[in-house]
Number of protein chains: 2
Amino acid sequence: MANLIIRGCDILHVMDGKLNIELCQDIEIRGKLIAAIGNDLPVSENDRFQIIEGQGLLAIPGLMNTHAHVPMVLFRGMAEDVSVQAWFNDYVFPLESNLTPEDVYWGAMLGMAEMIENGVTCVADHYFYMDEVARAVETSGMRANLAWAVFGHQGEAQLDATCQFIERWQGKADGRITTWLGPHAPYTTGRDFLKLSAERAKQLDTGIHIHVSETSEQVALSLQEHGITPVQMLAETGVLEVPAILAHCLYPTNEDVKILAGTGAGVAHAPKTYLKLGMGEIKLQQLRDAGVPVGLATDGAGSSNTLDVLEQLRMMALVQKHAYRDPTTMPVAEALEIAFEGSARVLQMGDQIGVLAPGRLADIALLRQDGVHVFPRFDPAANLVYSSKSADVDTVICNGELLMQGRKLLTIDKGQVKKEISARLERLGQRTPGKRIAVYPA
Amino acid sequence: MANLIIRGCDILHVMDGKLNIELCQDIEIRGKLIAAIGNDLPVSENDRFQIIEGQGLLAIPGLMNTHAHVPMVLFRGMAEDVSVQAWFNDYVFPLESNLTPEDVYWGAMLGMAEMIENGVTCVADHYFYMDEVARAVETSGMRANLAWAVFGHQGEAQLDATCQFIERWQGKADGRITTWLGPHAPYTTGRDFLKLSAERAKQLDTGIHIHVSETSEQVALSLQEHGITPVQMLAETGVLEVPAILAHCLYPTNEDVKILAGTGAGVAHAPKTYLKLGMGEIKLQQLRDAGVPVGLATDGAGSSNTLDVLEQLRMMALVQKHAYRDPTTMPVAEALEIAFEGSARVLQMGDQIGVLAPGRLADIALLRQDGVHVFPRFDPAANLVYSSKSADVDTVICNGELLMQGRKLLTIDKGQVKKEISARLERLGQRTPGKRIAVYPA
């Protein structure tokens with residue numbers, strides 16, 4: 001592994017809601033870690049470094065995607081302008097019943113190509129055939145938290161199969177892969193299965209990545225059927241006693257927020273999906289006030305059409321101002337705190353990523369700042385949130401390795417990925433009447 | 001003027017809410033018009049054509065920006081996270097009191113560089129020192145509807161000065177420039193001044209571009225002070241008897257919508273600003289149902305940070321689904337109908353632009369479709385609305401002239417523009433206490 005030194009870049013720092021941009025800094029990377037940051041860092045003649053010219057580029061922590069279904073890029077544009085029920089039952093669940101492990105591999109590669117181009121270095125993925133996603137992570141060089149989604153109707157044997165996946169891949173790919181359990185959601189698993197999942201997670205010393213309280217209807221249905229909210233069911237079944245990523249959690253009750261505070265469970269927030277599926281009010285203040293970690297996510301491209309974390313960052317800030325009818329809500333620094341510190345905490349990696357500092361993992365995106373759309377630069381941080389394009393991402397480093405330079409991907413052959421997928425499209429677009437991986441409650 | 005022929009592009013057609021994408025077409029451009037569209041168009045040996053290779057590119061009508069304050073890109077990032085009142089009174093109005101005509105010229109050039117890079121070929125601009133904006137339009141090659149903003153307190157003499165601007169520039173720049181009157185808003189002009197503006201517009205056979213009903217507070221204030229809504233004041237003073245662009249019009253009453261229907265006045269819709277300034281509910285259905293033309297706009301970069309019409313298109317569709325809590329609201333075809341046919345109607349150019357067809361003006365943007373973020377291409381129209389990036393715009397043609405090819409601007413020297421503006425930044429960033437061009441009511 002070559003050491004890297006980035007020369008003369010600007011660095012964005014966000015700590016405790018305070019912003020600071022240091023100009024013209026060097027970043028020295030040794031192995032997988034940031035070794036030093038400073039002005040004109042000396043490098044001894046004995047050291048061999050690959051030099052990256054960073055003049056004019058803005059270094060930010062590699063973007064994190066705290067909840068995705070990466071291979072769903074295969075279905076991009078196939079389920080537009082339909083109700084949530086139709087989206088699941090008439091499109092996504094039938095389409096997913098066609099998937100083979102190889103489809104998932106190439107879908108994961110396509111999604112990772114897109115994420116790297118967008119400056120994303122780490123993803124928490126929640127899907128099927130996760131050995132294939134893990135292989136794509138190995139190849140692409142990204143960092144990932146991988147959870148094999150499992151439904152209650154698949155039974156304990158399938159849960160155990162996902163436990164075996166955890167053991168096969170935990171810490172693999174030079175430490176870039178973390179594996180968790182992925183029970184799909186309270187409404188698709190049920191009490192007993194959640195209890196079993198929490199027990200297994202404790203045995204394996206791992207976490208749980210799960211959808212929860214995505215719509216107010218889900219919360220109402222849970223209260224009606226079980227007398228408790230979905231979040232309360234997570235608490236009652238022990239899920240919140242292990243590290244947990246809660247995807248969406250748009251409708252926590254006051255009681256739910258109290259339960260979540262202090263458990264360490266974090267919420268993955270993907271506003272583009274919430275807008276697109278008309279899922280209702282999108283408010284973060286209560287979770288933030290209670291100290292519940294909130295991070296950014298793209299969800300799957302089946303609903304959000306892109307795996308673009310910068311786009312979600314912009315929408316999050318805009319939507320919060322809209323939700324509270326207050327332009328002073330979620331200032332730039334808070335939005336960036338969520339994108340970096342918040343997302344790292346949701347991934348349970350707050351002490352390793354999300355900050356550019358010596359001793360942290362070298363996960364870095366370098367953005368061009370010479371575009372007319374980010375000029376003038378009175379406020380480079382506001383430009384990042386409100387004006388930059390993900391196409392401004394020039395160079396991406398993960399775990400100390402270059403994944404993209406000068407917008408050229410170094411680990412993924414895009415032409416091959418598109419060719420492999422093109423050969424599968426006709427089959428992937430078919431929906432067999434009645435064939436579904438699961439049923440969404442009407 | 002060289003004739004152009006685009007070979008083998010895909011063409012997006014949106015007519016009456018129906019979508020169609022024709023594959024592998026040639027577009028023949030003679031002078032400023034589209035002469036023919038078809039397969040393998042023959043070109044006689046005597047004709048001299050510049051050939052543009054369009055294989056794999058998607059041709060769309062040049063994007064239209066129906067309401068902007070282009071030179072405000074000079075203040076990008078300077079007024080973040082503040083209330084609407086502070087935005088006007090503490091930032092924008094004081095900052096604008098510093099502007100010189102030369103500042104406005106270079107600001108306009110910067111904004112036009114950004115717009116051309118984003119595939120925008122026509123803008124309705126509403127600002128000050130509009131001779132300078134007109135000069136920038138001459139140079140940049142864009143099409144523009146230009147209105148010199150005027151406040152009531154500036155008096156009749158200033159209104160007459162803007163009438164002289166209209167006469168100086170009407171139809172200039174090879175027909176690319178249209179000039180209208182620009183009384184700022186009912187609340188900053190008042191009844192008598194609006195009446196005078198409408199009279200002048202009739203005398204000059206021109207239109208009026210004005211802000212109206214931007215917030216519910218403005219409507220309440222108007223009802224309290226004048227007993228009628230801002231829209232009713234436009235009707236009463238004769239403003240709606242001439243062609244009119246109504247910027248924002250977020251809070252029309254039922255009565256207002258009835259008044260607007262049939263007048264031909266169109267609404268410029270800029271959702272990014274409405275979200276960012278927490279301006280409240282953003283609903284278009286009532287205007288659409290009544291047949292009032294609605295077009296896309298960016299507003300000024302002082303509030304929306306970018307001049308990116310594709311970004312506004314995406315936000316409009318997402319925000320409408322959110323507003324009505326219904327993912328079937330504003331399907332892809334309707335969003336594109338607003339972007340193209342709707343915007344052209346708002347600009348009162350529905351028979352000239354917004355559609356790619358023989359006899360129409362040759363205003364065209366060609367987008368790359370080979371990005372991983374727009375793959376697969378099950379639905380290229382959904383990809384355009386929900387997945388594409390403005391950086392996908394490869395080539396831009398306006399009035400039959402190439403403005404950008406292979407992402408290289410052909411009419412604007414970006415380096416020179418940034419250098420000129422850099423020399424002005426220190427002065428532009430100053431705010432003199434108490435010095436403002438106008439006052440926003442508290």
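**A helix pair and its surroundings**

Reply: Let's start with handedness: α4(B) and α6(B) cross in a right-handed way. Please keep in mind throughout that this is a predicted model. Two numbers are handy here, because packed helices are described by the angle between their axes and the distance between those axes. Helix α4 of chain B covers residues 155-169 and helix α6 of chain B covers residues 191-204; the angle is about 25° and the axes are 11 Å apart. Angles under 35 degrees count as roughly parallel, and α4(B) is therefore roughly parallel to α6(B).

Now zoom in on the residues that make the contact. From α4(B) come B:Glu156, B:Leu159, B:Cys163 and B:Ile166, while α6(B) brings B:Leu196, B:Ser197, B:Arg200 and B:Leu204. Sorted by class, this contact of α4(B) with α6(B) has five nonpolar residues, one polar and two charged.

The axes of α2(B) and α16(B) cross at roughly 140° and come within 9 Å. With that angle, α2(B) is oblique to α16(B). The crossing of α2(B) past α16(B) is left-handed. On the α2(B) side you can find B:Trp106, B:Met109, B:Leu110 and B:Ala113, and they meet B:Lys414, B:Val417, B:Glu420 and B:Ile421 of α16(B). This contact of α2(B) with α16(B) divides into six nonpolar and two charged residues, with no polar ones.

Let's hop over to chain A for one more pair. Helix α2 of chain A (residues 101-117) packs on helix α3 of chain A (residues 130-140) at about 40°, with the axes 8 Å apart. That angle makes α2(A) oblique to α3(A), and the crossing of α2(A) and α3(A) is right-handed. From α2(A), the residues A:Pro101, A:Val104, A:Tyr105, A:Ala108, A:Met109, A:Met112 and A:Ile116 meet A:Glu132, A:Val133, A:Arg135, A:Ala136 and A:Ser140 of α3(A). Nine nonpolar residues, one polar and two charged make up the contact of α2(A) with α3(A).

Next, step back to the two chains. Where do they touch? In this model, 51 residues of chain B are in contact with 51 residues of chain A. Several helices of chain B each supply at least two residues to the side that touches chain A, among them α2 (101-117) and α16 (414-422). You have already seen α2(B) and α16(B) crossing each other. By class, the side of chain B that touches chain A has 23 nonpolar, 14 polar and 14 charged residues. The copies meet through the same surface, because 100% of the interface residues of chain B are also interface residues in chain A.

To finish, here are some backbone details to look for. Most residues other than glycine have a negative phi, and most peptide bonds are trans. The bond from A:Phe375 to A:Pro376, however, is cis, with omega near -5°, and A:Pro376 sits in the loop between β14 and α15 of chain A. In chain B, a cis peptide bond joins B:Phe375 and B:Pro376, with omega about -5°. A:His248 has a positive phi of about 80° although it is not a glycine; you will find A:His248 in strand β11 (residues 244-248) of chain A.

How values were computed: Residues numbered from 1 in each chain as written. Chains lettered and ligands numbered in written order. Predicted model: local features only at pLDDT ≥ 70, side-chain atom pairs only at ≥ 80, totals over all residues. Contact = placed C-beta atoms within 7 Å. Helix = DSSP H or I, 4+ residues; strand = E, 2+ residues; numbered from the N terminus. Nonpolar A, V, L, I, M, F, W, Y, C, P; charged D, E, K, R; others polar. Axes fitted to C-alpha atoms, helices over the stretch in contact; angles between N-to-C directions. Parallel < 35°, antiparallel > 145°, perpendicular 65-115°, else oblique. Left-handed = near helix turned anticlockwise from the far one by under 90°.
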